[in-house]
Amino acid sequence: MSRAPGAPPLTLLYVPADRPERVGKALASNADVVLVDLEDAVAPARKDEARANAVQLLADPPARPVQVRINHPSTQWHDDDVAALAVLPLVVGARVPKVEAAEEVRKLAAALPGRALHLLIESALGVERALDIATAAPRVASIGLGEADLRSDLRVADDAGLSWARSRVVVAARAAHLPPPVMSAYPNVRDLDGLAESCRAGRALGFRGRTAIHPAQLDTIRAAFLPTAEEVERAREVVARLDGATAAGVGALALPDGTFLDVAMLEQARAVLALADPRNP
């Protein structure tokens, strides 16, 4: 089941642009956002074909949110990717890999005026500059991590080595008034239990949603990031009680279970309610 219009996106499905039949299936799937890939999922010999496919398939405004992941400026394909993206409808966002400097972002924003930029940080240098990157241009719509390359750059073998980088990008996104970042793709498409556990850990760190590399991952990702019925009910109680306390001029109060509340908790409770699927209140 896809999310209602206006609901925060939780599932973002990568699909290689050199496989037009797969792009069509992705656009018809229940992914909240389709990520048409010109970069890692496409072999060098098929880059031109992939780009031409993307232009043809996305020439008309797509029925669901779409981003096109372009190749990095250091590659021979970048300029042609940007030129191709420039002729597509503005509702098609640019997904930008391996960003390390604000100047890269400003240059791309100038080349793609009016188009949303979704930036991926994939190196130690990019992590260190996360806030500068997130605030580099008004059209920056999101930041996130590309964890495969980041693991290689940091020489780490497990998630523990990524904990600080993950928290850093969450903080940078919040400081830049951007949406919470989505998690990087989980590489084992058969390990849905591991995917769910990883999503729950990411949600606890402040991530919201995740990219997927196979449609079979979508339902697991969505379920992991949606609030439970108990969380929704508690959020409603917090909002109701704190709104009432504020109206009465009371600064703090406690729930029946003894949990101490104050008005600073309102935003968190409202975020839970905003994330809940409106068709499953």
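Which side chain meets that of Asp-149 in a salt bridge? The partner is Lys-98, with an N to O distance of 3.2 Å. A salt bridge here is a side-chain nitrogen of Lys or Arg within 4 Å of a carboxyl oxygen of Asp or Glu. Side chains of opposite charge can pair when their charged atoms come close. Asp-149 lies in helix 7 (residues 147-154), and Lys-98 in the loop between strand 4 (92-96) and helix 4 (102-111), so the pair ties together parts that are 51 residues apart in sequence. Helices (H or I, at least four residues) and strands (E, at least two) are DSSP runs, numbered from the N terminus.

The model is predicted: local features need pLDDT of at least 70, side-chain atom pairs count only at pLDDT 80 or more, and totals for chains, interfaces and linings use all residues. Residues are numbered from 1 along each chain as its sequence is written, and side-chain values use heavy atoms, with hydrogens and water left out.

Both partners of this pair have intermediate accessibility. Asp-149 is partly exposed, at a relative accessible area of 30%. Lys-98 is partly exposed too, at 27%. Buried means under 20% relative accessible area, exposed means over 50%, and partly exposed lies in between (1.4 Å probe, protein chains only).

The search of the whole structure found 17 salt bridges. One of them joins Arg-51 and Asp-81, whose closest N and O atoms are 2.8 Å apart. This pair also links distant parts of the chain. Arg-51 sits in helix 2 (residues 47-57) and Asp-81 in helix 3 (residues 78-86), 30 residues apart. Arg-51 is buried, with a relative accessible area of 9%. Asp-81 is buried as well, at 2%.

Another salt bridge connects Glu-231 with Arg-203. Here the closest N and O atoms are 2.9 Å apart. Glu-231 belongs to helix 11 (residues 229-247) and Arg-203 to helix 9 (residues 192-205), a separation of 28 residues. Glu-231 is partly exposed at 32% relative accessibility, and Arg-203 is partly exposed at 25%. Elsewhere, salt bridges that share partners join Asp-37, Glu-39, Asp-40, Arg-69, Lys-98 and Asp-149 into one network.

The UniProt record, an unreviewed entry, lists residues 11-215 as "domain: HpcH/HpaI aldolase/citrate lyase". UniProt positions follow the numbering used here, feature names are shortened, and annotations may be inferred rather than shown by experiment. In the model, the end C-alpha atoms of this span lie 10 Å apart. The span is 40% helix and 17% strand.
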